[in-house]
Amino acid sequence: MNGEQCDRLTLRLLPWTGEQGKPCYVLGDGAGRVSRVADGIESIQLGMADDLLGHAADLLADRRVTGGELHFLASRLSESLRDVKRVAESRGARLGTAGPAPDYGK
């Protein structure tokens with residue numbers, strides 16, 4: 001690997017976690033198999049978030065919704081927000097516009 005190839009390599013936060021919820025990364029130029037799988041998963045996560053927002057609007061408009069249904073919705077929204085936040089951090093870092101490094105040790 002020459003210096004020019006090394007300069008094109010970036011560390012990418014992946015849209016899944018490892019053991020005990022620790023972040024996973026891949027080092028590459030963004031064209032490898034793991035990067036393509038990550039792109040696909042991010043696309044699915046963003047699509048699911050969009051679908052969930054539509055479901056939330058429908059559920060919240062229903063005055064007969066139960067506390068259990070609202071709890072389930074809040075849980076799914078929380079999971080989705082976590083996924084979307086990770087996608088945003090990963091993409092922001094690859095644009096070079098990310099803020100301080102997030103603390104994933106929580």
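Helices here are DSSP runs of H or I with at least four residues (strands are E runs of at least two), numbered from the N terminus. What you have loaded is a predicted model, where local features need pLDDT of at least 70, side-chain atom pairs count only at pLDDT 80 or more, and totals for chains, interfaces and linings use all residues. Residues are numbered from 1 along each chain as its sequence is written, and side-chain values use heavy atoms, with hydrogens and water left out.

**Stop 1: Lys 85 and Glu 89**

Select Lys 85 and Glu 89, both in helix H3 and four residues apart, about one turn of the helix. Their side chains form a salt bridge at 2.7 Å, N to O; the term means a side-chain nitrogen of Lys or Arg within 4 Å of a carboxyl oxygen of Asp or Glu. Lys 85 is partly exposed at 47% relative accessibility. On this scale, buried is under 20% relative accessible area, exposed is over 50% and partly exposed lies in between, using a 1.4 Å probe and protein chains only.

**Stop 2: Arg 76**

Next, pick Arg 76 and Glu 79, which sit three residues apart in helix H3, again about one turn. A salt bridge joins their side chains at 2.7 Å, N to O. Both are partly exposed: Arg 76 at 25% and Glu 79 at 36%.

**Stop 3: Glu 42**

Move to Glu 42 in helix H2 (residues 33-61). Is Glu 42 buried or exposed? Glu 42 is buried, with a relative accessible area of 1%. Show its neighbours, counting heavy atoms within 4.5 Å as contact: leaving out residues up to four places away in sequence, Glu 42 touches Arg 12, Pro 15, Val 87, Ser 90, Arg 91 and Arg 94.

Now select Arg 91, whose side chain meets that of Glu 42 in a salt bridge (3.1 Å, N to O). This pair links distant parts of the chain, with Glu 42 in helix H2 and Arg 91 in helix H3 (residues 67-95), 49 residues apart. Arg 91 is partly exposed, at 37%.

**Last stop: the wider set**

How many salt bridges does a search of the whole structure find? The search finds seven.
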